[in-house]
Amino acid sequence: MYRLKTGLLCLLLVAALFGIGAWERLHEMYTMQGSAAAYAQMQQLDPLFAFPGSTPESLTHAVSEFKLSAAVAVPPYLEGEATRDALYPFRFLDQLPRTETARRALLAEPTQEHASMYHAALHALISSYIDDLRNARNVLLQQNDPAEFDFLSGKTTSAHIEERLAHAQTDAQSLLAQEDRRWQCEQGTASQCESLIYARATFGTLHSAQELESQSESSSTEEAVENRKTLTVVYPSLDSSPLIELSSSACYAYAPIYFAVATTSSRLSGIAAANVVLLSDIYLDDTTRTDHPFYHALASAGDTFTYQPFNVYLCPDAGEDIGDVLAISNLSASLRTKPFLFSGSLTPTAQQFIQAQKHVLQENVYTQRTYNAFISASSMLVRIYGIDALAHYLGSSEEAARLTELVAQSRARSADLAEVLGYFDDLQVGSYIPYQYRKSSPQAFLIARSGLSQLFALNNRTVEPIFRSLVEVRATASDSNNALLNGTIRSYTHDVSKELSRNELQKTLLQDIQIRQQVFGGFISSLLDARARYAHTHTDTSH
């Protein structure tokens, strides 16, 4: 009831400010309560467990290929201690495309049948997610003495990770109950309903990820440009990829941080893979150290440094930053391909929206500040005009839906999710090769390789309303700039640049690619052969 009163007061104020038209829309929203249309708009304005940004077909294909790669890449010796189902959330991922199909059908045509289909699919999605979290927690609880892990972003323990997943499980159970209340309201069997008025009044307010103290050091745009040029030997498509600036980071104690997106193909399945590339620094794995796991294999072949990408191996919370970067990239590309055209009287809200879009289109470096300003202006536009009226001002219902989806992606951090799965599919190579040289516990594999922040959707604010770091003790800016960051990993900016010029670094990275192909090429070929045999003898019937 409090939520209803709060939302009502917000819209009464809107009505007072914007006249009889707003009163009419307010009356329209009241009459929609308890209908399939109201249920659909609640899921659009205040989504639960939403993953907009990829088609159901692309998600289905990516999940299927990823499962196939994991089936042969996860080290066999882990089988006796923990199944693959506990290391990756495959129940949840299997259900995801079906739920997205039902969500799109509901938003396109909010009938009773589509509402019923979506409720059932969403209920199954959240329930499968809870099961996957429970299995992952059981893996961590099998270790009597909590193991400690050092990452670039700080220190953590298996006990802290388990506690973090327990919070996620509790939150998921709460959202499941919330969805059940919404459904009872839609069916007319609830005494108190989730309010569509509240949903509109709060639309888009959770797009900000977290507040971090991050002003200790600034990374220059010029250095990021130079790093992008250097890393084209690793990612050829990077040269044409725009810089993206984050004002704050879940992984680094200094700001701003620069990234770019490089699209590649998985070495295992060939599906598209989104690589979010850090450009504020270049991290290198020193293979000349005798404690490096590949020292005998690589150093003897003449290798010195291996490029260390930005991923969950450096920072368990990487999904927070990666989700923001992909959302900014996707928004900027969408607006450049087809800017929104607003017709009608230019109210202050409409003017703010038009100006925010203009700033996005004018940027050469895509900044989080400008992105957030556009999301805020878009959110206010939807809250004041409503989706139906907005369709008139933007020219079509499709344009209104595109705008609300872009805002939803900022909250869900789900842009290009199929390509993110493609990245994790390719990462299976990195999971397979190291374990040919040394064994590791299921707990270490889960924490360092399973992509908890992304695959378990801990970075998605429609799944996890509050950001809770997987890192227990966060690194400071001085920690991040130490010469030896994490075992054998070193910073080019603060350390290796004293030994190698940029031209020398490019030659070193190119040589490393060639040496790794010579040393590990046989492993990759055997992995591909095993994958083909497995695909021939197993049929995925989950879809």
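The crossing of helices α12 and α14 is left-handed. That label applies if the near helix is turned anticlockwise from the far one by less than a right angle; clockwise would be right-handed. This is a predicted model: local features need pLDDT of at least 70, side-chain atom pairs count only at pLDDT 80 or more, and totals for chains, interfaces and linings use all residues. Residues are numbered from 1 along each chain as its sequence is written, and side-chain values use heavy atoms, with hydrogens and water left out.

Two packed helices are described by the angle between their axes and the distance between the axes. Helix α12 (residues 318-337) packs against helix α14 (residues 368-385) at about 65 degrees, with the axes 11 Å apart. That makes α12 roughly perpendicular to α14. Angles of 65 to 115 degrees count as roughly perpendicular, under 35 as roughly parallel, over 145 as roughly antiparallel, and the rest as oblique. Axes are lines fitted to C-alpha atoms, for helices over the stretch in contact, and angles run from 0 to 180 degrees between N-to-C directions.

From α12, the contact uses Asp-324, Ala-327, Ile-328, Leu-331 and Leu-335; from α14, it uses Gln-368, Tyr-371 and Phe-374. Contact means heavy atoms within 4.5 Å. By class, the contact has six nonpolar, one polar and one charged residues. Here Ala, Val, Leu, Ile, Met, Phe, Trp, Tyr, Cys and Pro count as nonpolar, Asp, Glu, Lys and Arg as charged, and the others, Gly among them, as polar.

Now the wider fold. The protein has 21 helices and eleven strands. Helices (H or I, at least four residues) and strands (E, at least two) are DSSP runs, numbered from the N terminus. Of the 543 residues, 57% count as buried. Buried means under 20% relative accessible area, exposed over 50%, and partly exposed in between (1.4 Å probe, protein chains only).

Six of the seven residues of β5 (residues 272-278) are buried, so β5 is largely enclosed by the rest of the structure. Strands β4 and β5 form a hairpin with six residues between them. In its turn, Gly-270 has a positive phi of about 85 degrees.

A second open sheet has three strands in the order β1-β2-β9, with antiparallel pairing. Its edge strands are β1 (148-151) and β9 (473-474), each pairing on one side only. Helix α8 (residues 158-187) packs on this sheet, touching β1 and β2; its direction makes about 75 degrees with that of β2.

Strand pairs are listed below; two strands pair if DSSP finds at least two bridges between them.

| Strand pair | Sense | Bridges |
|---|---|---|
| β4 (residues 257-265) and β5 | antiparallel | seven bridges |
| β3 (residues 244-246) and β8 | parallel | two bridges |
| β2 (residues 154-157) and β9 | antiparallel | two bridges |

Specific partners can be named. Thr-263 has Ala-274 in β5 as its bridge partner. Glu-245 has Thr-367 in β8. Lys-155 stands opposite Val-473 in β9.

Finally, Asp-132. This residue lies in helix α7 (residues 112-141). Asp-132 is buried, with a relative accessible area of 1%. Not counting residues up to four places away in sequence, Asp-132 touches Asp-85, Pro-89, Phe-90, Arg-91, Phe-92 and Phe-456.
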